[in-house]
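We will go stop by stop, selecting as we go.

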Amino acid sequence: MAEFPVSDASVLIALGRIRRQRLLLKLFGKVLITPKVQKEVFGKRRIPRWVIVKQVCQDTVEEVTQQTGLKPEKGETEAIALAYRLQTVLLIDDRKGRKAAQKLGVPVMGTLRLLLEAKRKGIIQQVKPLLAALEQTGR
């Protein structure tokens, strides 16, 4: 099992909207993403040092596509495939993607659970203000 989680764009975007992406650094030390997730979240901006871009084998993407019915060109499919191959946690909010990952036996964690875990570990004091901020930003 890999030491670090793989993140889909959804969690990084949600935490970015409330300026809390660094919670992932504090919770995990490093986070893995695929090139498609990098493009979706960061575009041409520089990525943080604690975010590692890792290519996923096309055979694994095809296997995930066949087993789940997800479209291979989507970033979430690549993220699920990478987490599946590495046997690690997938950070994802998208309901369809979560179900597909769980079908493959990939453990998932969404933004809410991340916030609760950060509170449990004393990284943040309260969850409610961050949830309210997420609501205000359209998440």
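The model is predicted: local features need pLDDT of at least 70, side-chain atom pairs count only at pLDDT 80 or more, and totals for chains, interfaces and linings use all residues. Residues are numbered from 1 along each chain as its sequence is written, and side-chain values use heavy atoms, with hydrogens and water left out.

**Stop 1: helix α4**

Select residues 58-68, which form helix α4. Helices here are DSSP runs of H or I with at least four residues, strands are E runs of at least two, and both are numbered from the N terminus. Now colour Thr60, Val61, Val64, Thr65 and Thr68: these are buried. Buried means under 20% relative accessible area, exposed over 50%, and partly exposed in between, with a 1.4 Å probe and protein chains only.

Look down the axis of α4. Its buried residues fall within an arc of 140°, so they line one face of the helix. The arc is taken from the directions running from the helix axis to the C-beta atoms. On the other side of α4, find Asp59 and Gln66, both exposed.

What do the buried residues of α4 pack against? Show α5 (75-86) and α6 (95-103): those are the partners. Contact means heavy atoms within 4.5 Å. Then step just past α4 to glycine 69, which takes a positive phi of about 80°.

**Stop 2**

Pro35, Lys36 and Val37 in α3 meet Gly75, Glu78 and Ala79 in α5.

**Stop 3: threonine 88**

Select threonine 88, in the loop between α5 and β4 (90-91). At 3% relative accessibility, threonine 88 counts as buried. Its side chain reaches the backbone oxygen of phenylalanine 4 at 2.9 Å.

**Stop 4: threonine 111**

Finish in helix α7 (residues 111-120), at threonine 111. Buried or exposed, at 4% relative accessibility? Threonine 111 counts as buried. Leaving aside neighbours within four places in sequence, threonine 111 is in contact with Val11, Ala14, Leu15, Asp93 and Leu134.

Technical notes:
A polar contact is a pair of N or O atoms within 3.5 Å; within protein, one must be able to donate a hydrogen and the other to accept it, and residues adjacent in sequence count only if both atoms are side-chain atoms.
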